[in-house]
Amino acid sequence: MGQTVDARGLSVAQCPSIDAEYALVMDENGTVYFERNAESPTQIASITKIMTAVVALDAVDAGETSLDAPVFVSEAAAAVGESSAGLQAGDVMDLETALKALLVPSGNDAAVAIAEAVGGGVEPFVERMNAKAAELGCTDTVYENPHGLDYDQYAGDLHSTAADVATVVRHAMKNDLFRSIVAGGSTDIAVTRGGAETTIHLESTDGFLDVYEHAIGVKTGFTALAGPSFAGAADNGDRELYAIVIHSSSEAQRFEDAKTLCEWVYGHLVSYPLANSPETTMYEGMEVPVVAKVAHEGWIDKTVNATLSDPSASIDIFDLNGNVSQTTSFEKLDGDVRAGDKVGTITFKQRNEEIATLDLVACEDLDAPDFFEGVGIWWDRLFRGFSGQPQSAQSVTLNETPLVIDKTAE
């Protein structure tokens, strides 16, 4: 949440225990819950292929190509080696199939074939990858090839950061086809080889889908420089998270690290009821909390009971982010008030960041003084002015903001 563990006064036990040297976990709204060396540049290996897919899908959206456009596997594509989809020179498939060959088994051969088909060559395609990174706001990312290999003939300045990877993942997951491919696990594809249709089995490299019930993808990576790495996504039905782990201790541990980050966030998200008052009243046939008493300026001593526009409203908050505070503002009431009328506003903040704003509504009717009552009130206020007594009631807030309970500290 943007502060060091020490600055927040947290203990080691309250933090996620992971092996990855670089890490970050973010939700779909861009809130970063935990990061470790997330701005430090490092190699990301085949996590690069997320951007390869993004650029290809952008080309589809722009009408430059289509998902059924043919992708030819060149000698250069087939000869890349290392992680492969098993493509051979001369194979032909449509772009959607090529994207599966790219993302499911982490096919380096598919990466080059897509770059050649969509970008007109590897170099112009990589230029588009870097341009897209800049467009998304990546601050320290350089792509030099579409697959992420970083040694021998592919050695160079290619690198990224956990924070930039999370930005790219968050963007990629907005595309339905990308989401379906990375969440689908192992699959079969059909390519045209030597004039005949050939089936290729694609074995997924994503063990996250096997070890975590909330996993929905995304992409593995491994080289000696990047170490066992993974950019993962999870959704527990309430919140989607993106967990980036780079240079973990083993290929299996990278998935455990991602799971740990997601479970840590989910474990610290608590439902916080916004109405917390010791006083209740009946409103619209049900008992509701009286969160404030709002002064009616026409009277000397009368207030209107008020509740939240949604008395049962609650909000999910991250408990390690600190306690909740509130501020209220009240409407000027001088005419007739009816139950349901807006009589104010209440704003809730956590660490000075607004998390919710709701209207205060009257729980009861209150008529303004009639002519004769007004005359009596005028004289009463005149005498009160001489004696220094209050000339009208004061609005008060009854609502409380209970302390946020840190469950790991119990």
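These legends walk you through several close-up views of a predicted model. Residues are numbered from 1 along each chain as its sequence is written, and side-chain values use heavy atoms, leaving out hydrogens and water. Because the model is predicted, local features need pLDDT of at least 70 and side-chain atom pairs count only at pLDDT 80 or more, while totals for chains, interfaces and linings use all residues.

**View 1. An open sheet of five strands.** The strands follow the order β2-β1-β9-β8-β7, with antiparallel pairing. Strands here are DSSP runs (E, at least two residues), helices are DSSP runs too (H or I, at least four), and both are numbered from the N terminus; two strands pair if DSSP finds at least two bridges between them. At the edges stand β2 (32-36) and β7 (215-221), each with a single partner strand, so one side of each has no neighbour in the sheet.

**View 2. Where β7 meets β8.** Five bridges join β7 to β8 (residues 229-235), and the two run antiparallel. Look for T220, which stands opposite F230 in β8.

View 3. You will find R254 in helix α10 (residues 251-268). Is R254 buried or exposed? R254 is buried, with a relative accessible area of 5%; buried means under 20%, exposed over 50%, and partly exposed in between (1.4 Å probe, protein chains only). A polar atom of the R254 side chain lies 2.9 Å from the backbone oxygen of E251. Beyond its neighbours within four places in sequence, R254 has contacts (heavy atoms within 4.5 Å) that include T220 and F230.

**View 4. Helix α7, largely enclosed.** Eight of the eleven residues of α7 (residues 162-172) are buried, so the rest of the structure largely encloses this helix. Among the buried ones are D164, V165 and V169.

**View 5. Pairs of aromatic rings.** Rings of Phe, Tyr and Trp (its six-membered ring) pair if their centres lie within 6.5 Å; planes under 30 degrees apart count as stacked, over 60 as edge-to-face and the rest as tilted. By this rule there are seven aromatic pairs. F208 and Y212 make a tilted pair, with 5.5 Å centre to centre and 40 degrees between the planes, and both residues are buried. The ring centres of F371 and F372 are 5.3 Å apart with planes at 80 degrees, so this pair is edge-to-face; F371 and F372 are both exposed. Ring pairs also link Y33, F34, W264 and F318 into a cluster.

Conventions:
A polar contact is a pair of N or O atoms within 3.5 Å; within protein, one must be able to donate a hydrogen and the other to accept it, and residues adjacent in sequence count only if both atoms are side-chain atoms.
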